[in-house]
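User: I should like to learn how to read the features of a structural model, one at a time. Please give the general idea and then the case at hand.

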Amino acid sequence: MGRYFKHAGRAQRPEDRADIVVCVFKMKLTELLDEIIKRNLFGRVISYIYVIEFQRRGLPHAHIPLTLDTYSKIRTKDDIDKYVSADLPDPIADPLLFQIITRCMIHGP
């Protein structure tokens, strides 16, 4: 069950309000790019490009390949572990968050 917005007496889903979704997505994408490129989240970026795609429900996501300078390149499993994690919330301690993550963030082929 997704989040709903009330408008003119009927429930709306996020995909019904593409105007709002796209504005929020653009703000978050801009902040993410600032964090990665200007604040050197992964190290010094020497080039990047991004592509925005829309899922079947019309929700946007971005693919952002980066080229890092020689000293910032990710070379070992420890380098990867520094930036990537795949932990699920505890289903007992936080059942709502566990339910949201497993429903919305995990998918099969």
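**Exposure, salt bridges and packing**

Analyst: Let us begin with glutamate 31, whose relative accessibility of 42% makes it partly exposed; buried means under 20% relative accessible area, exposed over 50%, and partly exposed in between, with a 1.4 Å probe and protein chains only. This is a predicted model, in which local features need pLDDT of at least 70 and side-chain atom pairs count only at pLDDT 80 or more, while totals for chains, interfaces and linings use all residues. Residues are numbered from 1 along each chain as its sequence is written, and side-chain values use heavy atoms, with hydrogens and water left out.

User: With which residue does the side chain of glutamate 31 meet in a salt bridge?

Analyst: A salt bridge is a side-chain nitrogen of Lys or Arg within 4 Å of a carboxyl oxygen of Asp or Glu. The partner of glutamate 31 is arginine 39, at 3.1 Å from N to O. Arginine 39 also meets glutamate 35, at 2.9 Å. Both are partly exposed: arginine 39 has a relative accessible area of 45%, and glutamate 35 one of 31%.

User: How many salt bridges are found in the whole structure?

Analyst: The search returns 6. One of them pairs aspartate 78 with lysine 77, their closest N and O atoms lying 3.7 Å apart. Shared partners join Glu31, Glu35 and Arg39 into one network of salt bridges. Aspartate 78 is exposed at 54% relative accessibility, as is lysine 77 at 61%.

User: In what order do the elements of the protein chain run?

Analyst: Helices (H or I, at least four residues) and strands (E, at least two) are DSSP runs, numbered from the N terminus. Here there are 3 helices and 6 strands, in the order β-β-α-β-β-β-β-α-α.

User: What span should helix H1 have, and how far apart are its end C-alpha atoms?

Analyst: The expected span is 1.5 Å times one less than the number of residues. H1 covers residues 18-38, 21 residues in total, so it should span 30 Å; the end C-alpha atoms are 29 Å apart, which agrees. Just after H1, asparagine 40 adopts a positive phi of about 55°.

User: Which residues of H1 are buried, and what covers them?

Analyst: The buried residues are Phe25, Leu29, Leu33, Asp34 and Ile36. Their cover includes strands E3 (45-48), E4 (51-54), E5 (60-63) and E6 (66-68). Across the protein chain, buried residues make up 13% of the 109 residues.

User: Is serine 72 buried or exposed?

Analyst: Serine 72 has a relative accessible area of 17%, so it is buried. It sits in the loop between E6 and helix H2 (77-83). Contact means heavy atoms within 4.5 Å; leaving aside neighbours within four places in sequence, serine 72 is in contact with Phe42, Gly43 and Arg44. Its side chain reaches the backbone nitrogen of arginine 44 at 3.0 Å.

User: Which residues form the nonpolar patch on the surface?

Analyst: A patch takes residues with over 30% relative accessible area and no salt bridge, joining like charges within 9 Å and nonpolar side chains (Val, Leu, Ile, Met, Phe, Trp, Tyr) within 5 Å. This patch consists of Val22, Tyr48, Tyr50, Ile52 and Phe54, with about 450 Å² of accessible area together, computed by the Shrake-Rupley method with a 1.4 Å probe. Valine 22 belongs to helix H1 and is partly exposed at 37% relative accessibility.

How values were computed: Polar contact = N/O pair within 3.5 Å; in protein donor to acceptor, adjacent residues only side chain to side chain.
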